[in-house]
Amino acid sequence: MVPNHVAIILDGNGRWAKSKGMPRNYGHTIGAKNVEVVAKAAHDMGIRYLTLYAFSTENWSRPEKEVSALMRLLDSYLKNCIRTAKKNDMRVRVIGDITQLDEKFQKNIRDLEVASASYSGLNLQIAINYGSRDEMLRAMKKMMKDYDEGILELEDLNEVKFSSYLDTAGIPDPDLLIRTSGEQRLSNYLLWQLAYSEFYFTDVPWPDFNEKELERAVEAYSSRDRRYGGIREKEGADV
């Protein structure tokens, strides 16, 4: 059973680079190149949605030089992604508060989203300046504005309505969350959307997370009983 939507926390770029005697930014560069590798593998496996945690709201607290390098890398990736998206029939969307990014970066995001909007292959979501608490606060502010303007009635409010105000509106919740490089926490990522997702943690750092590693994660997901929890009984086994 292949999950419809996989979310990944891309962790371990800096530590991977350090283990090779290279600067942290080298790890981020290789990690960015790995996005296309994993996106293609996901598409080939039949995964329809892939959401990647690229830059969190907390990442601004990193050293200024590292943040600047990350921003340049992400901006460059998104510009090149227009060509990649067309080649792979891939729709790309960015989630997060992009208003905090510079105008040129915001324009590149909008251009990419418009250019890839009609593509029907893999749906790739990239989380940039994203934090789940921030996302929910922004959603509530939009809801309160709509309520004040008479667009939203209190009786209309339910889980489905609230979800429509989130950055991921129209995107199904993840079936599987993967975090690379050994950490076992969510780090303020998709807290609302991951309420019923399966979690898979691996010690493999993101730059080394390839098609085989994705297959292992999906196999682990497939072995779980989504209704009762735990590992699914093999066919023919005593119950």
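**Pockets, a strand and a cavity**

Mentor: H2 and H3 each supply at least two residues of the lining of the second largest pocket. Keep in mind that this is a predicted model.

Trainee: Which helix gives the largest share of the lining of the second largest pocket, and how many residues is that?

Mentor: The lining includes Thr29, Ala32, Lys33 and Glu36, and also Leu73, Ser76 and Tyr77. Helix H2 spans 24–45 and helix H3 spans 64–88. The largest share comes from H3, with six residues.

Trainee: What is the volume of the second largest pocket, and how does its lining divide by class?

Mentor: The space in this pocket comes to about 240 Å³. By class, its lining has three nonpolar, four polar and three charged residues.

Trainee: Which residues lie nearest the centre of the largest pocket?

Mentor: The largest pocket has a volume of about 610 Å³. Helix H1 (13–19), H2, strand S2 (49–56) and H3 each give at least two residues to its lining. That lining counts 31 residues, and nearest the centre are Leu10, Tyr53, Ala54, Asn59 and Arg62.

Trainee: How many residues of each class line the largest pocket?

Mentor: Tyr53 and Ala54 are among the residues nearest the centre, and both types count as nonpolar. Over the whole lining, the count is 14 nonpolar, nine polar and eight charged.

Trainee: Why is S2 described as largely enclosed by the rest of the structure?

Mentor: A residue is buried when its relative accessible area is under 20%. S2 is largely enclosed because, of its eight residues, the number buried is seven.

Trainee: Which strands are joined to S2, and by how many bridges?

Mentor: Strand S1 (residues 5–9) runs parallel to S2, with five bridges between them.

Trainee: What is the bridge partner of Ser56 in S4?

Mentor: The partner of Ser56 is Tyr130.

Trainee: How many cavities of 30 Å³ or more does the structure have, and which residues line the largest cavity?

Mentor: A search of the whole structure gives one cavity of that size, and the volume of the largest cavity is about 30 Å³. Its lining has four nonpolar, four polar and one charged residue. The lining residues are His5, Thr51, Thr168, Ile171, Pro172, Asp173, Pro174, Leu190 and Gln193.

Conventions. Residues numbered from 1 in each chain as written. Predicted model: local features only at pLDDT ≥ 70, side-chain atom pairs only at ≥ 80, totals over all residues. Heavy atoms only, no water. 1 Å grid on protein atoms, 1.4 Å probe; cavity = no way out; pocket = protein on both sides within 12 Å on 5 of 7 lines; lining within 4 Å. Points joined across faces, edges and corners; volume = space filled by probe spheres on them. Helix = DSSP H or I, 4+ residues; strand = E, 2+ residues; numbered from the N terminus. Buried < 20%, exposed > 50% of the residue type's maximum accessible area, 1.4 Å probe, protein only. Pairing = 2+ DSSP bridges.
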